[in-house]
Amino acid sequence: MYWHQLITGALLLGLHGALALPAFPGAEGFGATAVGGRGGAVYVVTNLNDSGTGSLRDAISVSGRTVVFAVGGVITIDARLVFKDHQTIAGQTAPGEGITVYGNGVSFSNAHHSIVRYMRFRMGKGGDSGKDGVAIAEGHDMIFDHVTASWGRDETFSISGENPANITIQDSMIAMGLQTHSCGGLIQTDGGVSILRTLYIDNHTRNPKVKGINEFTNNVVYNWGGGGGYILGDSAGASYANIEGNYFIAGPSTTIAPFTRGNENFHVYAANNFQDLNANGVLDGELVPDADYTAVDLQSARYDYPAVSSVLSPQAAYAHVLAHAGASKVRDRVDLRYVAELESLGALGQILADETLDPILGAGPVAGGTAPVDSDGDGMPDAWETANGLDPAVNDAAGTKFGNGYTNIENYINSLV
């Protein structure tokens with residue numbers, strides 16, 4: 001009954017239509033049909049400045065854009081970045097080791113129909129006190145794919161507030177929220193959030209904390225602290241979740257079981273989740289028994305939420321996350337450190353209050369690389385346009401030559417990963 005009411009409201013908003021085009025091939029979950037900047041202008045980011053012409057801040061100042069990058073490296077920001085609706089942020093277009101946004105947090109509140117891929121958002125101790133690294137307080141239809149979020153001063157990636165709806169985080173990394181709070185994130189909404197094949201690592205608590213409607217499938221949680229791994233509501237409000245095929249792996253900071261604070265208001269389908277708590281350097285975990293989900297209302301069947309194309313085993317999910325989580329087209333030094341921690345299976349990991357301390361040592365360097373030649377400035381390199389029958393002297397980014405529902409610029413950015 002509850003989910004039927006929710007899906008009816010979603011259909012009234014035009015969400016999840018049976019024939020809706022995925023945001024990109026491989027988009028899954030509640031946010032799979034986000035539109036992004038499809039059909040709108042293309043903005044090419046040409047420098048690493050905090051503001052001004054050619055900057056990322058200028059690029060996101062107008063709705064309806066596809067943002068591509070002719071530069072790689074660290075964009076150090078003072079004030080928070082506030083994204084607008086109907087934008088595609090194509091971090092995979094950046095040369096070198098891609099783009100890291102560092103120094104403060106970012107907001108996607110009311111940034112309806114956002115598509116964000118292959119970006120790193122690293123807040124850090126210099127960010128606004130009490131603010132999240134990545135925050136969504138309201139809005140609908142967003143997908144975050146191969147995104148790294150780290151070093152939040154409150155939550156690191158939080159979705160809560162005025163009932164944000166139809167949001168996916170997939171193949172991403174949510175890392176090392178800073179003390180004194182050190183939270184992965186609060187996921188609190190009845191609008192539906194899918195978290196898929198994502199790594200939570202080095203967060204003291206909230207890996208994540210969930211209240212409301214949640215699909216949590218094929219994720220890996222590593223080195224959670226004494227505040228808890230997946231927190232099962234801890235609330236008088238009702239929650240309805242699928243938790244399937246995940247792997248919880250203890251690290252040096254882990255002192256508590258993976259699942260905590262559940263009660264009879266948390267209704268959950270929980271299946272084939274593994275825990276490896278011995279920190280012995282070998283992946284040799286065991287099935288989480290029903291009793292370890294605490295005093296929740298266990299369900300015998302999945303809630304009918306948007307499904308993934310294939311549910312992996314926990315062991316396969318671990319291998320997938322190890323290889324692909326975060327902005328992994330080219331991983332930077334920091335993400336490689338987090339991956340090494342996970343691969344150590346208990347030996348490495350830390351929860352810090354200062355990202356500049358050893359072994360993290362700040363956000364850089366991030367290699368800039370060299371962008372391919374794009375004579376007409378439409379975001380598509382000359383060589384790719386020529387190879388695909390387009391004219392590199394004509395701005396035809398919004399064209400639909402390929403006949404697959406995606407614009408020319410979308411076909412280019414989708415071809416990169």
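A crossing is left-handed if the near helix is turned anticlockwise from the far one by less than a right angle, and right-handed if clockwise. Helix H3 passes helix H4 in a left-handed crossing. The model is predicted, so local features need pLDDT of at least 70 and side-chain atom pairs count only at pLDDT 80 or more, while totals for chains, interfaces and linings use all residues. Residues are numbered from 1 along each chain as its sequence is written, and side-chain values use heavy atoms, with hydrogens and water left out.

**Helix H4**
- Helix H4 covers residues 333–344 and spans 17 Å from its first C-alpha to its last, close to the 16 Å expected at 1.5 Å a residue.
- Buried residues (under 20% relative accessible area, 1.4 Å probe, protein chains only) of H4 include Val334, Tyr338, Val339 and Leu342.

**Packing of H3 against H4**
- The axes (lines fitted to C-alpha atoms over the stretch in contact) of H3 (residues 314–324) and H4 come within 9 Å and cross at roughly 155 degrees.
- That makes H3 roughly antiparallel to H4, a term for angles over 145 degrees.
- In H3, Tyr318, Val321 and Leu322 meet Val339, Leu342 and Glu343 of H4.
- The residues of this contact divide into five nonpolar, no polar and one charged.

- Gly36 lies in the loop between helix H1 (2–12) and strand S1 (41–45), and is buried at 2% relative accessible area.
- Beyond its neighbours within four places in sequence, Gly36 is in contact (heavy atoms within 4.5 Å) with His86, Gln87, Thr88, His113 and Ile115.
- Gly36 and His113 are 77 residues apart in sequence but 5.1 Å apart in space, C-alpha to C-alpha.

Methods: Helices (H or I, at least four residues) and strands (E, at least two) are DSSP runs, numbered from the N terminus. The expected span of a helix is 1.5 Å times one less than its number of residues. Buried means under 20% relative accessible area, exposed over 50%, partly exposed in between (1.4 Å probe, protein chains only). Axes are lines fitted to C-alpha atoms, for helices over the stretch in contact, and angles run from 0 to 180 degrees between N-to-C directions. Angles under 35 degrees count as roughly parallel, over 145 as roughly antiparallel, 65 to 115 as roughly perpendicular and the rest as oblique. Ala, Val, Leu, Ile, Met, Phe, Trp, Tyr, Cys and Pro count as nonpolar, Asp, Glu, Lys and Arg as charged, and the others, Gly among them, as polar.
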